[in-house]
Amino acid sequence: MNKSVRLRKQGKFYCSYEEDAYVMYSIFNYKISNGKVGFPLEVLGKVTNTLDSNKVNYVVIENDNEITKKTFPKNNYSKYLSDGKKTFKVLKYEEELIDKIKELPMDKIEKIINYIKEVIHE
């Protein structure tokens with residue numbers, strides 16, 4: 001199956017949802033919020049040029065109509081989807097760890113820091 005990033009115009013933004021949001025996160029590092037990413041209308045050209053150079057299929061949708069559709073013989077959608085999901089998962093885990101560490105007493109925080117230093121300098 002040849003998946004495509006769907007770029008849906010919504011007001012002054014284009015948005016991508018669910019799996020497409022992970023692809024956009026992987027390529028552009030756009031923040032995923034409530035399962036979607038968005039960017040201003042003015043940067044559509046930059047976004048589509050970057051999707052072109054990364055050989056990722058995409059469809060631009062306005063008012064439920066496909067305005068632009070681009071497909072590549074070797075579509076890299078799945079690669080960026082996988083990368084985006086992994087990176088996002090690690091980022092969320094890091095955030096959770098930092099929140100938990102902030103709640104610890106200072107002596108435990110120092111132990112964690114010392115352990116991390118040891119691992120990094122191995």
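Relative accessible area sorts residues into buried (under 20%), exposed (over 50%) and partly exposed in between, with a 1.4 Å probe and protein chains only. The model is predicted, so local features need pLDDT of at least 70 and side-chain atom pairs count only at pLDDT 80 or more, while totals for chains, interfaces and linings use all residues. Residues are numbered from 1 along each chain as its sequence is written, and side-chain values use heavy atoms, with hydrogens and water left out.

**Stop 1: strand β1**

Select residues 5–10, which are strand β1. Helices (H or I, at least four residues) and strands (E, at least two) are DSSP runs, numbered from the N terminus. Two strands count as paired if DSSP finds at least two bridges between them.

To find one of the contacts, pick valine 5, whose bridge partner in β4 is tyrosine 58.

Now show residues 13–17, strand β2, which runs antiparallel to β1 and is joined to it by 3 bridges. Lysine 9 has tyrosine 14 as its bridge partner in β2. The two strands form a hairpin with 2 residues between them. In the turn, select glycine 11, where phi is positive at about 65 degrees.

**Stop 2: salt bridges**

A salt bridge here is a side-chain nitrogen of Lys or Arg within 4 Å of a carboxyl oxygen of Asp or Glu. The whole structure holds 7 of them.

Select glutamate 19 and lysine 3, whose side chains meet in a salt bridge at 2.9 Å, N to O. Glutamate 19 lies in helix α1 (residues 19–28) and lysine 3 in the segment before β1, so the pair ties together parts that are 16 residues apart in sequence. Glutamate 19 is partly exposed at 28% relative accessible area, and lysine 3 is partly exposed at 24%.

Go next to aspartate 64 and arginine 8, a salt bridge with its closest N and O atoms 3.6 Å apart. Aspartate 64 sits in the loop between β4 and β5 (65–70), arginine 8 in strand β1, and the two are 56 residues apart. Is aspartate 64 buried or exposed? At 69% relative accessibility, aspartate 64 counts as exposed. Arginine 8 is partly exposed, at 30%.

**Stop 3: helix α3**

Select lysine 79 and aspartate 83, which form a salt bridge with the closest N and O atoms 3.5 Å apart. Both are in helix α3 (residues 77–102), 4 residues apart, and are therefore separated by about one helical turn. Lysine 79 is partly exposed at 42%; aspartate 83 is partly exposed at 29%.

Finally, select Lys3, Glu19 and Lys85, which salt bridges with shared partners join into one network.
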